[in-house]
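Please keep the sequence and the 3D view open while you go through them.

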Amino acid sequence: MYLLFNPTLVGYLRVWRNEMTKDPVCGMDIEEGSAQHKCEHDGKTYFFCSAGCRKAFEEDPKRYCGHETGGEHHAH
Ligand SMILES: [Zn+2]
């Protein structure tokens, strides 16, 4: 039953529990629970590392939504 303690799996679960997401403006990882800056757009909540990033998003949301990665692993 050592498979239960596979470090890769544990790390993956930890990321999931903390609900990590990405700042769509600068691409920084944001922890949703501690995010100070957020904005709702198109029924979705976006999180930002700073007021500056949120402002940039609010001024031109389409620019940042057009090629979103959806918070999943991105192969590039
Ligand atoms: Zn940012």
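1. Helices (H or I, at least four residues) and strands (E, at least two) are DSSP runs, and they are numbered from the N terminus. By this rule P24 lies in the loop between strand 1 (20-22) and strand 2. The protein chain holds three helices and four strands, and from the N terminus on these elements follow the order α-β-β-β-β-α-α.

2. Some ground rules come before the details. Residues are numbered from 1 along each chain as its sequence is written. This is a predicted model, in which local features need pLDDT of at least 70 and side-chain atom pairs count only at pLDDT 80 or more, while totals for chains, interfaces and linings use all residues.

3. On confidence, pLDDT is the predictor's confidence in each residue, from 0 to 100. The protein chain averages a pLDDT of 80, and 67% of the residues score at least 70. Confidence is lowest in helix 1 (residues 7-18), with a mean of 67, and highest in helix 2, with 96. Where pLDDT is low, the predicted coordinates should not be read in detail.

4. The next point concerns burial. A residue is called buried if 20 or more other C-beta atoms lie within 10 Å of its own, exposed if 12 or fewer do, and partly exposed in between, with the C-beta atoms placed from the backbone. Of the 76 residues of the protein chain, 12% count as buried.

5. Which residues of helix 2 are buried? In helix 2 (residues 51-59) they are C53, R54 and F57. These residues lie on the same side of helix 2 because they cover an arc of only 100 degrees around the axis, where the arc is that of the directions from the helix axis to the C-beta atoms. The face turned away from the buried side of helix 2 carries the exposed residues A51, G52 and E59.

6. Contacts show what helix 2 packs against, and two residues are in contact if their C-beta atoms, placed from the backbone, lie within 7 Å. The buried residues of helix 2 pack against strand 3 (37-41), strand 4 (44-48) and helix 3 (61-65). Not counting residues up to four places away in sequence, F57 touches P24, V25, C39, Y46, F48 and Y64.

7. A nonpolar core is a set of buried Ala, Val, Leu, Ile, Met, Phe, Trp, Tyr and Cys residues joined through C-beta atoms within 7 Å. The largest one here has six residues, namely I30, Y46, F47, F48, C53 and F57. Strand 4 and helix 2 each supply at least two residues of this core, and strand 4 gives the most to it, with three residues. In soluble globular proteins, nonpolar side chains tend to be buried together.

8. Two strands pair if DSSP finds at least two bridges between them. Strand 3 and strand 4 pair in the antiparallel sense over five bridges; in strand 4, K44 is the bridge partner of H41, and F47 is the bridge partner of K38. The two strands form a hairpin with two residues between them.

9. D42, in the loop between strand 3 and strand 4, has a positive phi of about 60 degrees although it is not a glycine. Most residues other than glycine have a negative phi, and most peptide bonds are trans. D42 counts as exposed because it has 8 other C-beta atoms within 10 Å.

10. P24 is buried, with 26 other C-beta atoms within 10 Å, and the C-alpha atoms of P24 and C65, 41 residues apart along the chain, are separated by 7.5 Å. Y64, in helix 3, is partly exposed, with 18 other C-beta atoms within 10 Å; leaving aside neighbours within four places in sequence, Y64 is in contact with P24, V25 and F57. Q36, in the loop between strand 2 (29-31) and strand 3, counts as exposed, with 11 C-beta neighbours inside 10 Å.
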